[in-house]
Each structure stands twice: as structure tokens, then as C-alpha cells.
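Keep the 3D view open as you read.

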Amino acid sequence: MRKGAHVRKRLVTLLLAVIAVILAVPGAASADTPGGESLVVTLTDPAKSPVEGVLLTAYKGEEEIGSDSTDSDGEWRVEVPGPGSDYRVVLDPETLPDGVDVNEQAYERAPLRPVTEGQEARLLFRLVPEAEATQAPEEPSPSAETDGAAGADDGAVDDSADGAAAETGVSAGTPFGVAALQLSVSGLIFGLIIAISAIGLSLIFGTTRMTNFAHGDMVTFGAMMALMFSTGTIFGGIPLIIAAVLAVLAGALLGLGMEWFIWKPLRKRNVALIQMFIVSIGFALLIRHIITVAFGANRMRYNEYQIQQPIHIGPVSIVPRDLIIMGIAILVLILVGVMLQYTRIGKAMRAVSDNRDLAESSGINVDRITLYVWGLSGALSALGGVLYGLNQTVDWQMGFRLLLLMFAAVILGGLGTAYGAMVGGIVVGLVAMLSTLWFPTELMNAWALGIMIVVLLVRPQGILGRRERVG
Amino acid sequence: MDLLQILAEAFRSAIAPTAAFYALAAIGLNMHFGYTGLLNFGQVGFMLVGAYGVAISVNTFGLPLPVGFLVGVLCAVVLALLLGIPTLRLRADYLSICTIAVAEVLRLLYRAQFAAPLTGGVYGLQGFARSFYDVNPFPRGSYGLLGVNFTHQALWVMVVGWGLVGVACAISWMLVHSPWGRVLKGIREDEDAVRSLGKNVFAYKMQSLVLGGVFGALAGGVWMLAQQTVTPELFMPQVTFYLWAMLLLGGAGRTFGPVLGAIIMWFLLSIFDGLLRGAAAEGLLPFLSNSDVGALRHAFVGLALLLLIIYRPQGIIGKREEMLVNVK
């Protein structure tokens, strides 16, 4: 306590000294920075990195008052003659670097920006990945693949950061019943993908009681590995199916490595669970941004299986790609279920998940089972990532977007139960997609998360969870 | 590469308005995690409602700025109640998942098209901070401090921001050293023991959640004063993770932990950025493009979190035994 008080005292003194110094030197260097009115723009790309060399021009009314390019920090600054209410800044889209685009309001319908006395008026330009705009013409059939169209529409409001699934497969004007059916199918696919990725999250929680915040980034890792093997310059040309298998193996290795090098030593050191959460968050940030540096911040697609003619089954049209995704997902879910139900190792996993101490005392090697669980989780999340990337696009944030939905799925189904995660995943996927029948697409994830909160209110143990005394 | 300039920039970041509002939000998080053991991974949600509370009441409803701050604080109280009622009775990890989800849902809602008349949608709101700068007591000009210059506006935000940090520190110090604070610490150490003493654990947790949320909302408001514009993209979940890194760096469970953490964190981040950009400019890192520096900074924060927890969970001024909290 005494030491603490001492540090506090020193800090207070320091703080006071800092304020005193600031107050004591007014205008010491007033020549350096002008205090007049100015317009300021900071341009950053979707990964929040500065964008250099973009030409911006400031107008007062129709009169041009200044033009400059952004500097290496993405900063642009123009002095204006005085306060006024009719300033505009127009961006020259030709000078934007490759891969990013700006919504057209920025250069065609630039809104007026008032500047008050002495104010540095900050303006905002939202740069979006170019992928959506350029992909549009390639799409074969607007009714089956509305991604391009939706991308163009939503480009203005930039759904890129959050449109987890802009591709709902329904265009305006479809009859309600058909739309509902179509959306149920896409919801089912989305749900299966969530379920596959979420099983691991639930199993990890069951066996170690830890919420793995890095799970989403394990999904991204899988998708990116498949991308690297199938389209990258290093391995270029490996067919996607083989690349996917390699990615799943890489995912399993990542899972095993995390358990072996991080979680097991931490458990041995008796680190508390709260600390483990935070380590997993740190790890998530680390993986995610290393992936960003390695693969860039743009949205990408796999080369294969992109342009396909939709098959019509009754009123529902579906591309073969999505049918295969569905088939693979269902097959894998059944396999995982069979494994958990009937094999020795599956039974051991469920036993550890149920009660770690009891499992250990009945002769199960808990550490080894935990290692297998991590390997299985890594593999499943990587597979989920590949399927998700195939169904939509691959980008560095895909896993994080999926993570929140996976949490919703796992809580919905009951924390720690593998079957619960499957059921929860499908429910979340269906809710997210079907919500777009009545509500805007941009809110679909909000609905899925909202369902989770409602479930916590009325049935905190989840749909398949067993009631236990909590709190 | 000019090392002196990098150092000066780092010093600027350490005392800039940004560090102030991060410190303020981290003080709120300290109330949650450091004293009560609540795992709030959605502090950015409180900052969001605070910031938009200010911006919307001033811009859309034409209320004066102080009333706007009041509205922001009220929004945070409501959010804390909404979050706490379903989750505070459950295990700690439910709160963590719920807070991160709710913060993200809020961001989606505020940027949605249908909310645009109120929130400005993806473009956000501007121009609500004018009355704040109108009462700026510092004459126009540039103010130098140990080789770095701040505009009179930045200085005004800094004084207000750090002033609020001081007030928040004082409040949390007094609260924590009161009987109320001792109950909070008891909850952190052993919830059941406190319950068996006849304390209403749920109510205490809720009060802590509300109080920390209010600090978060104030931080959001100050942030918006500094930025003069509010957009939903500012409130990405990464902000919360930064706050956690700051809190743990400084030392959770100490009054000055979050403040120290914020200052040191921004200092280090700025040095990291400066060195990396400098090295990139000199062609030492041919494989890195300029835009990767931002991403590497996030990776750096992640690594810092990882190493801190593993090697020094109590942070710089924390007490080790206080940080060995366990979730039940």
C-alpha cells in the first residue's frame, strides 16, 4: 500500500507538472502550425492503413480553393479562406490505388461541409474493396447470384465490412413463398458452415472450460491456406479439392500446435481461466493481422467453381457449388457425430467434456484427449473456413464475423455440447437468412446475435444443454 | 530515420487526447474487471452509445452539448442494465460473449440504413462539437511542450480529457476504498463467500457494470469532441482489445493502472509505428507495404497481450496476488 501511494503521488506530481508546462508556454511556436480554418481528410483503406497519393480538391461553392495529394500518413489538409457553410471536397477516383474504390457520393454528389471559425473540419471518405464492383459483370445469372448486384447496390453504404453474407440469392420481386424457400436453403448452407466451425469451439469449451476467442481466426486461417495452395504464386495450380485437404491438415496442425505450445503449458502453470481468455484474444489479434500482412486486406475468391449455371429444384435455384458444400457439410457432421457416439476416442472426448476430473480418475488420459480435441477443432474450423470462402468470399475478417455467430450457435445449443453446436449453428444460419425477408440485409447478423441474447434470458443452458446451477 | 523525432512523436501520442479517452475507458474497464472480476469484452459498446448520445442529441435534437453528455451517460446506464440483467447471474464467460456481441450489434444498428436519419448511417455525424470549441479558453495558436506542438483546440480537448481522467481516478479511488469497494473485491475473489455473508452480489455487480459503463460513455464523448465526427467504423471490437491490453499493461485493480497503461501503450505503439515506417522508408523491409504497418500494429498489441498475461499478469504496478482471480 505504501509503495502504491508513493507511485500515485509521483504520478500526480508528474501530471500536474505536465499541465503546468503546457499552460506556461502558450504560443511558443505559433509560427509552425497555423490556427486558421482548414479542411482535413485522412484516407485509410479498409484495413485502416493510410492511403497515399490520392488527389483531393477543395471547393467553396463552385470555386476551386485548393488541391493536393494525401501524404504518407494518408493526411490531406487545405487551408480555407474563412468560415463558411458551402465547402466541398471532391476525390479523384483515378488516383486511388488498385484494389480500393470509393462510393460515388465522394466524387459526384459530394455533400457540403460547413466550417466554423478556427475549426479543422474533418471529412470522411470511406474506401471499400474494389472486388464487389469488378466482380459484377462476371456473374452469369442475376437471380441465382445476386452478390454482384447486391455489391453494387450496397457499395454506396459499404456492406463490405459487415455484409457477412450479402449473397442471399433472392432478388426483389420474387413471391414471398419462393423467397422464403430460397432463403431457407441459403440459411441452411450458412448454418451448416457455422455448425461445422462451431463444433470445435464447443468441444474446446467442454474439455478445457475455455472460451477460445481465436477460433474465428482459425477459420480464416483455413480459408487462407486453401487460397494459398490453390491460387497462390508459390503453390499455384493445385486443384481446390486437394488444396482444401491440405488446408484442413494445416488447420489441424495449428490446433495441435496451439494446444501443445500455449494452452498445455499455461494449464500446467495453473493460469486462471480469465487469463486464458485474454491470451486467446491476443492470439486472435496476432493471427488475424499476420494473415492481413501476408495476404492483403482485399476480398478474394477461389479460382475454381465460381461461374456455374444454377440448377432448379422446384421453385428453388441453387448452384452446384452450394449443393456440394451442403453435401460435404452434412457428411462431415454425420461423421463427427458417429465418431463422438461410437468410437473410443469420441466417447473419451464426451467424457472429458462432461466431467474432467471424473474422466481422469477413470483412467482417461485427459491431456491427450484435449490435444485430439484441439486437432479436431482446428481441422473442422479450417474446413468451415474453406466452405465459407467457397460459398462467399475470402477475406481477413471473415473468421471474426463468423466467430460471433459461432458463439451464438454454441450458446443457443448449450455450451460444451457438440450436438448443441450443430443444432445451434443451423438455427443461427436460418434466423440470419430468413430475417432478410422482413428486415434489411445489413442487420442479419444482428438478428442472429439478438436470438442468442433472448436464449440467455429464458434458457441459459441452451436448447440441448443440461441445467446446472450457475451463479 | 530520425530517432529523436520518433521519440517526440511517441511523447505526443502519450499525452494526446487519444491517450486520454483510452485511459478514461480503461478506468471503466478496471472497475469491471480489475475490481469486480467482470469480463466485459464490449467496452467499445459503451463508448459508442456515449459518443452517439452526444452527437445525436446535439445534431438531431438541437440540445446543448452538456445535455448531450448527460444523454450519453444515460444511454450507457440503460445499456449496462440491459446487458447485466440476463448475464450477471450466469457464469462469467456468458457476460464476455454477450458484451462482445452486443457491442457489435450496436455498431451494426447504428450504421444501418434505417437508422440513418438519426445516426447518419455509415457517414456518421459531424459538427456537434462546435459549441465545445467556442468556449475554448486558450487563445488561438500553437502550444509547444518539450518539442511537440499542439493546436489550441487539441490542447483544450487534452485538458478536458485528462481532467475527466483525473476525476474518474479520484471517484474510483474513493469508491474502491469504501465498504462498497471492499464488497466488490470480495466478489472478485470469491463470489459465494460474499453471497453467504448476505450481500446481494447481483446488485453489486450491476452497480459496477453501470459505473464502468458510464466512464466508457464519457470516454466515447471525449473521443467525439477530439474527432469532431462520429462514424460507426470507429467502434470496432479492436478498440476493446486495445483497452484490455492497456489495462493489463498498467495493472488491473490499481487506480492508476489503466492511466499508466494507456500512456505507455500509446508511447510504445507510436515508437513501433515510427520505427517500422522509418525502416520501410529506408527500404529495410522490402516485403512490407506501407499499409501493412497498421496491421502489424494490431498484431503487436496481440503479442503484447499474450506475453503480458504469460509473464507479468499483474502489469506494471499491479499486485500479483490480486490478479490470480479465477472464473467459476
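Two residues are in contact here if their C-beta atoms, placed from the backbone, lie within 7 Å. With that in hand, look at chain B of this predicted model: among its contacts with a separation of 6 or more, 76% join residues 24 or more positions apart.

How does the overall form of chain B fit with this? The C-alpha atoms of chain B fill a box of roughly 60 × 50 × 35 Å along the principal axes. A compact globule with 328 residues would have a radius of gyration near 20 Å, and chain B agrees because its own value is 20 Å. Of those 328 residues, 60% count as buried.

Next, the secondary structure. Chain B holds 14 helices and four strands. An unreviewed UniProt entry lists several stretches of chain B as "transmembrane region", including residues 41-61 and 293-311. In the model, residues 41-61 of chain B are 81% helix and 0% strand, with end C-alpha atoms 31 Å apart. Residues 293-311 of chain B are 100% helix and 0% strand, and their end C-alpha atoms lie 26 Å apart.

Which residues touch the most other members of the largest nonpolar core? They are A:Ala408 and B:Leu24, in a core of 235 residues. Helix H4 of chain A (residues 176-208) gives this core its largest share, 16 residues. Beyond its neighbours within four places in sequence, B:Leu24 is in contact with B:Leu164, B:Val165, B:Ala168, B:Phe215, B:Leu218, B:Ala219 and B:Val222. A second, separate core has 18 residues, among them A:Val41, A:Val54, A:Ala58 and A:Leu127.

Technical notes:
Residues are numbered from 1 along each chain as its sequence is written. Chains are lettered from A and ligands numbered from 1 in the order in which they are written. This is a predicted model: local features need pLDDT of at least 70, side-chain atom pairs count only at pLDDT 80 or more; totals for chains, interfaces and linings use all residues. A nonpolar core is a set of buried Ala, Val, Leu, Ile, Met, Phe, Trp, Tyr and Cys residues joined through C-beta atoms within 7 Å. A residue is buried if 20 or more other C-beta atoms lie within 10 Å of its own, exposed if 12 or fewer, and partly exposed in between; C-beta atoms are placed from the backbone. Helices (H or I, at least four residues) and strands (E, at least two) are DSSP runs, numbered from the N terminus. UniProt positions are given in the numbering used here, feature names are shortened, and annotations may be inferred rather than shown by experiment. The radius of gyration is taken over C-alpha atoms; the globule rule is 2.2 Å times the number of residues to the power 0.38.
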